[in-house]
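Subject: Structure for you to look at

Hello,

Here is the structure I said I would pass on. My notes on it follow below.

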Amino acid sequence: MQGMSERQYAAHVGLSRGAIQKAKTAERLVLYPDGSINAAASDARRAEATDPSKTRKPPAPKLKPVPEAAVAAVGDTLREQGLAVPAVGGGTTFLQAKTANEVLKAQERRIRLQKLKGELIERARALALVFRLAREERDTWVNWPARAAALMAAELSASCCDATGQQITVEPAAMQKVLEKHVRAHLDELAEVRPDFR
């Protein structure tokens, strides 16, 4: 056999064997004397005889536009890892996007593992815990002058003397008022502190 069989030529041009048989009957193919198909000459004849508007063209690949935020996220992830970042407006290569995706998956797994180990807690839970501890500490400080004033007044009365050597008596109620004033001033200063939980 000099040329291709119908089956081989059908595979060569991407058509069914029936379509090749029809083209052979309509004499749109060039045949060798043994009946086999001359592929090069048949391709040329088919191209001349075929209406270009009726040829099937492979569909153009549909590319979805990539949002600019996604490209920026890929760049941020690559930058965090010290890898090459795509140029602004230059687009992201598949390899860069795949690398960023793998890095993000690894980071997510690490965070999940840290949560399982108890090394990380949720932000809302941490804020609630800090708020509760701060409130307990504030309440302790607010109640402290009432407990400590009498003891401090007794200690000061026992150890204080005026210029004549006369012992000075410190009233617990007066001591408590002074302590409360200073503790409240200190708590007001602490209330101004706003921790940054970013």
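A residue is called buried when its relative accessible area is under 20%, exposed when it is over 50%, and partly exposed in between, with a 1.4 Å probe and protein chains only. The model is predicted, so local features need pLDDT of at least 70 and side-chain atom pairs count only at pLDDT 80 or more, while totals for chains, interfaces and linings use all residues. Residues are numbered from 1 along each chain as its sequence is written, and side-chain values use heavy atoms, with hydrogens and water left out.

N38 has 18% relative accessibility, so it counts as buried. N38 sits in the loop between α2 and α3 (39-49); helices here are DSSP runs of H or I with at least four residues, strands are runs of E with at least two, and both are numbered from the N terminus. Setting aside residues up to four places away in sequence, N38 touches V30 and Y32, where contact means heavy atoms within 4.5 Å. A polar atom of the N38 side chain lies 3.5 Å from the backbone nitrogen of A40.

I37 belongs to the largest nonpolar core, together with Y9, A10, I20, A23, L29 and A39. Such a core is a set of buried Ala, Val, Leu, Ile, Met, Phe, Trp, Tyr and Cys residues joined through side-chain atoms within 4.5 Å. Beyond its neighbours within four places in sequence, I37 is in contact with residues including G3, M4, V30 and S42.

K98 is in helix α5 (residues 94-117). K98 counts as partly exposed because its relative accessibility is 45%.

Regards

Conventions. Polar contact = N/O pair within 3.5 Å; in protein donor to acceptor, adjacent residues only side chain to side chain.
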